[in-house]
Amino acid sequence: MPPQYSTALPLSPAELSYLHTSLSFDPPIRPDGRTATQFRPLIAETDVLPSANGSARICFADGTEAVVGVKCEVERSPSDRSILRSKEDDVKRLVTGGGDEEMRDESSGGEDDEVGNGSRGRGEGRNEWVEMAIEIPGYRDDDALPVFLSAMITEALVSDGELKNRLYINQRFHWRLYIDILLLSSPLSYPLPLLSLTTHLALLRTRLPALVSEKDEDPHFNDDWEAATLLYPQSDQTTTRPPVTLLVMSVGDNIIFDPSKDELAVADAVLTVSIGKTPSSGLRLLSVRTVDPPSRLTAPGVPNSTNSANGDTAPPMQEALMLREAMDEHSLWRPPRGGMKRALVGRMIKMVVDKNGVGEEVLEGLEGVDKALEECITAIEAKDTETAKQWEQERETYTPTTIDELIVMLNPINTALNGGRSSRVWMRTKDDVLNLKHRVVRRIAASDTINNFLMDMWAAEVHRASPSEVWLN
Amino acid sequence: MPLDTSTYSLAHLRLDGRRWNELRRLSASISTSGSADGSSYLEQGNTKILCTITGPQEQKQGGARRESNEAKVEVEINVAAFSGVDRKRRARGDRRSVEMQHTIATAFQGVLFTHLYPHSTVVITLHVLSQDGSLLACCLNAATLALIDAGIPMSDYVSACTVASSPTSSEGDGVDATDPLLDLNGVEEQELAFLTIGTSGEEGKVLVLVMETRCRVERLEGMMAVGLEGCGRIRGMLDGVVREHGGKVLEARVG
């Protein structure tokens, strides 16, 4: 299959012109009737992989889906080289004396964000401890698309400088974080937002085993997975969240979010904006990158006056070009030329980063997937055994309803549904050690803050020891 | 060690609580991916496989044009790095994957009605999301469902499972009545001698028989008998999944 993410069947100049004109109106008329800031519905699931520290799966409405698995391994930190080798180089860093310094590799000179960070004693990590791999069907690992995507997502991930510090165990050991992104369908449209959202969700749910050893001894961890700590702790107000990258496009003066394949084909300019969230200080812009819009690869339309198919002779090349230039750009399709206006870039960024802007909606929506599960689990664990027994009885008499079928059709990976009944159910009480396989279903309709973001979420079966069969709505 | 002989002989229960002839929980659904011609997702215990089909499609341009009156079946297995206990990236063309791909392709080449699609290619892509034993068998089962979803005619379901020769790795018992184990998980596969058997049709015509370990030849017949029975049961389950899905589609259309 030839690797390409442009439209398989190219749109004709007439179609392109039609789309472009519709999107230039105020307000823009999108082919599927959405507003400019409205996202398509998607399905998001977390904890789909039992053997990974964290995992997520997101399916977009156009059929593309991605699975991300996060695995962590303990790795030995390189012992400090002798301080005799410390030399002045372009990278500004102060190497304090003493035996507890770690020497930086040559290779890390490129991605040095810790400029001026002198004392690297406790709690300091390195960006190399995060390793990302993207697999896209039809592409080799060294093709341009996977390499760029991987670089963009990693760049946003390590830019806040905090993630690597959480991977630090002690001076001799650290966690190595492997993020494996698997795009399950061939890339019909630019896959960056999908992969970024899925990575964000997987990282939100990533847990590291709890450390029980102290200081610098060989690390030992608590065997109980329930005691594992989240990589991005929820309650701590000072920690950041993993970043999210959004695709933003512009047509004329209009700014359009979550563009579909057709809309991208007529974009004047496309940006990928990476944002991060600090619970204390709101949203933070991490990076902005321009993407070459596929509209530049389209062929221009041929005006009637120069079209030899009309029966007249076609004017010579130069005259045809001049005629075309002189024509009104709205009447004939022309691939966009030139760059973006700075004011436009500023407006696009502002729309993403503003309070109650699009970026906040997206992050809140994703957090909602997470929270739904957490809430249910904590609610359930606080319950007593009577309620748990009651649920067990209810579950036996339960028959599938339309909601159930809807779930089965739209959420195929959650196949443990088995027509609405789990094949094996045990119940967890305070004394029992059996596990209950359960299904948490929560459907969040448009809420006050997520009024433009439609998201149907079903948390996957949770292989956890918590009985719950919670139906909201 | 996991397969301590003493615990099995006490209650004849394996580590996950199954008896010798019990299959793991099998759940599957088809038509999971909208963008592929056919797709399916199959879970057998903790082995999770997602299969997509592209085709029948034209032969790839470039390279010698194949002269044939039949469609060609190509298989691609993509084992995710997070699928095992340790995170490990597999090279694309490593020997084990190539062997498995070839086995699956040959199996389906015989079952699909390839004469209906001359000069075309059917590409089966298998994504292994999590592996816990019986990898080849689950791949065959998942591919069957996906091919049915793609609407490519075939003579019958291909169902497969694994069988171990005995519950203990020591052969000290001789040839007495120790039962072959059906449907192995990852831990059991590492310890015991086992084979993968794939059949098609109700009468159980054997299409695939792969054994990489060694066992005494007397035990082979018993293993195959257990395997055939297991495949028959799996075939029934796959059939159930397809019928259920078909029922839903019909209901949606007819209302």
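Buried area is the accessible area, taken with a 1.4 Å probe, that two parts lose on being put together, summed over both. With that in hand, the place to start in this predicted model is the meeting of its chains. Chain B and chain A bury about 2,800 Å² between them, and 54% of that area sits on carbon and sulfur atoms. In terms of contacts, 28 residues of chain B touch 32 residues of chain A. On the chain B side, the residues that lose the most area to chain A are B:R25, B:F82 and B:R87, which together make up 28% of what that side buries.

Helix α2 (residues 144-158) of chain A packs against helix α4 (residues 192-204) of chain A at an angle of about 40°, and the axes lie 11 Å apart. Angles under 35 degrees would count as roughly parallel, so α2(A) and α4(A) are oblique to each other. Their crossing is right-handed. From α2(A), the contact draws on A:L149, A:M152, A:I153 and A:L157; from α4(A) come A:L192, A:L195, A:S196, A:T199 and A:L203. Sorted by class, the residues of this contact of α2(A) with α4(A) are 7 nonpolar and 2 polar, with no charged ones.

Over in chain B, there are sheets to trace. Strands of a sheet pair through backbone hydrogen bonds, either parallel or antiparallel. One open sheet has 5 strands in the order β1-β2-β3-β5-β4 (chain B), and its pairing is mixed. Its edges are β1 (26-30) and β4 (72-79) of chain B, each pairing on one side only. On average, neighbouring strands of this sheet are turned by 15° against each other, direction ignored. Within it, strand β3 (residues 47-58) of chain B and strand β5 (residues 120-130) of chain B run antiparallel and share 9 bridges; B:I53, for instance, has B:I124 in β5(B) as its bridge partner.

Strand β6 (residues 158-164) of chain B pairs with β7(B) in the antiparallel sense over 2 bridges, and B:A164 sits opposite B:L181 in β7(B).

Helices of chain B lie across these strands. Helix α3 (residues 135-150) of chain B lies across β1, β2 (38-44), β3 and β5 of chain B, at about 150° to β2(B).

The crossing of α3(B) and α5(B) is right-handed. B:N141, B:L145, B:I148 and B:D149 of α3(B) meet B:I234, B:L238, B:V242 and B:H245 of α5(B). By class, this contact of α3(B) with α5(B) has 5 nonpolar, 2 polar and 1 charged residues.

Methods: Residues numbered from 1 in each chain as written. Chains lettered and ligands numbered in written order. Predicted model: local features only at pLDDT ≥ 70, side-chain atom pairs only at ≥ 80, totals over all residues. Heavy atoms only, no water. Axes fitted to C-alpha atoms, helices over the stretch in contact; angles between N-to-C directions. Helix = DSSP H or I, 4+ residues; strand = E, 2+ residues; numbered from the N terminus. Parallel < 35°, antiparallel > 145°, perpendicular 65-115°, else oblique. Left-handed = near helix turned anticlockwise from the far one by under 90°. Contact = heavy atoms within 4.5 Å. Nonpolar A, V, L, I, M, F, W, Y, C, P; charged D, E, K, R; others polar. Pairing = 2+ DSSP bridges.
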